Amino acid sequence: MKPTLDLSAFQATGTETCFHDRHISAQIYAGLDGTNWRLRDYETRGGYQALRKILELGEVDGKPRGMTSDQVIAEVKASGLRGRGGAGFPTGLKWSFMPRQFPGAKYLVCNSDEGEPGTCKDRDILMFNPHIVIEGMAIAAYAMGVKVAYNYIHGEIFEVYERFEAALEEARAAGYLGDNLLGSTFSFQLHAVHGFGAYICGEETALLESIEGKKGQPRFKPPFPASYGLYGKPTTINNTETFAAVPWIIRNGSAPYLAIGKPNNGGTKIFSVVGDVQRPGNYEVPLGTPFATLLELAGGVRPGRTLKAVIPGGSSAPVLPAAIMNELTMDYDAIAKAGSMLGSGAVIVMDDTRCMVKSLLRLSYFYMHESCGQCTPCREGTGWLFRMVDRIAKGEGRIGDIDLLNSVADNIQGRTICALGDAAAMPVRAMIKHFRDEFVYLIEHKTAKVAAARPHPGLPPAGEGAVGAAERQVA
């Protein structure tokens, strides 16, 4: 019988989302209350002023008003804005790759396929501040000479898709989308597309395949989307939060934006703080904010517990022990230097009740389940990883399994078309690197080392494993 887990038992509860007063220097979430998402509310907050600024007509002192596309790209480059979807690639540099003089169609795509476990920031942006994404995409389209764009929204949050469609209708009616925006010569059309919940479609080329109506599987690269993307045309893809950051930069300038963060890490970042904290939710803070401060904003760990480990950038990022995390600042460079990734910004906090073997079991199941099956190392290897971790978790492991896990992970990482294979391998290697003693203890004693570990809903009790749990549920 195939090992299974009760996925419904992992549904988060008690999340405060983004409606609280504990943001620091908020730009995207500033002033939101859950009801003020409409166009008139956004305009009251200064919305679409950045778009008006770059499209402003006429001259002042013999100089043209507004901004040229080169000036927009230069401003975004100077801001230090890096892609908020996970890779952290400089946004302005990415925009400059678009061949602006290309004679045919070009496309812009927003990646709102938010499927990384622990991450829930983009859905709040689209649900409660959708016009900031529309404006950011319009500015990006102007900078790259694009006339048509798509926002690909995760299929399991259909109410968010419907909200974004309503915002698009408002923007079209007000002249912020369509032909000759605000009386200029620039025309721009934006459409929403919903997926069907496949994690793999968060990979940019699988996303493009899905928009085209094909099976959502990654493409070989090169060619890269900048030269051969949607419908075979030059395409630029950015994350929801990346586009949402653009209007503030254009309206206020690159220098103030960079000053909010730190060199090479400009502006604010939204972190989804989840797990063993008292006030889980989304927190917008400047890049470079100490992790200890972010943890304090989220209420800290539960009373009587101590911090054990943190996955700083979504489930695909390598785990880091508390001793390392407590010394880090939350920015791309600091996290990378410590051996992990800022990734999607999902900060998964684990206290001293967590058995790391069982935590890895849950992660390994997810990546086995979500592998598209195109690449043999990922299709077969993710299953091997899960089954070996499952064997250890139910007290049937062997000491040699630990090195075998590392070996299988090594044969997956860097050997697949997309990064899902890496995402499955890195948690395994990091868990063994930092918490090898727990794997050894469970193998030798047939029970978890963590005496205080409470059974997590959906995971098998110690010594039973996923196969036994499934059989018990059937019985």
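This is a predicted model: local features need pLDDT of at least 70, side-chain atom pairs count only at pLDDT 80 or more; totals for chains, interfaces and linings use all residues.

Me: Thanks! What is the strand order in the open sheet of four strands?

Reply: The order is β5-β4-β3-β6, with parallel pairing. Helices (H or I, at least four residues) and strands (E, at least two) are DSSP runs numbered from the N terminus, and two strands pair if DSSP finds at least two bridges between them.

Me: Which strands stand at the edges?

Reply: β5 (189-194) and β6 do; each has a single partner strand, so one side of each has no neighbour in the sheet. On average, neighbouring strands here are turned by 20° against each other, direction ignored. Angles run from 0 to 180 degrees between N-to-C directions, using axes fitted to C-alpha atoms, for helices over the stretch in contact (heavy atoms within 4.5 Å).

Me: How many bridges link β4 and β5?

Reply: Six, in the parallel sense, with β4 covering residues 148-153. Ala149 has Leu190 of β5 as its bridge partner. Helix α9 (residues 240-252) lies across β3 and β6, at about 90° to β6.

Me: What about the sheet of five strands, what is its order?

Reply: That open sheet runs β8-β7-β13-β10-β11, with mixed pairing. Its edge strands are β8 (281-286) and β11 (320-321), each pairing on one side only. Helix α5 packs on this sheet and touches β7 (268-275) and β8, its direction making about 120° with that of β7.

Me: Do β10 and β13 run parallel or antiparallel?

Reply: Antiparallel: four bridges join β10 (residues 307-311) to β13 (residues 346-351). Val310 is the bridge partner of Val349 in β13.

Me: New topic. How many salt bridges are there?

Reply: The count is 24, taking a side-chain nitrogen of Lys or Arg within 4 Å of a carboxyl oxygen of Asp or Glu. One joins the side chains of Asp351 and Arg302, at 2.3 Å from N to O. Asp351 is in strand β13 and Arg302 in the loop between α11 (291-297) and β10, so the pair ties together parts 49 residues apart in sequence.

Me: And how much space lies in the largest cavity?

Reply: About 70 Å³. On a 1 Å grid over the protein atoms alone, a cavity is a set of points where a 1.4 Å probe fits but cannot get out, and a pocket is an open set with protein on both sides within 12 Å along at least five of seven lines; lining residues have an atom within 4 Å of a point. Points are joined across faces, edges and corners, and a volume is the space filled by probe spheres set on them. Among the residues lining the largest cavity are Cys372, Cys375, Cys378 and Cys418.

Me: What volume does the second largest pocket have?

Reply: About 1,400 Å³. Its lining has 50 residues, with Gly85, Gly86, Ala87, Gly202 and Glu203 nearest the centre. β6 gives the largest share, five residues.

How values were computed
Residues are numbered from 1 along each chain as its sequence is written. Side-chain values use heavy atoms; hydrogens and water are left out.
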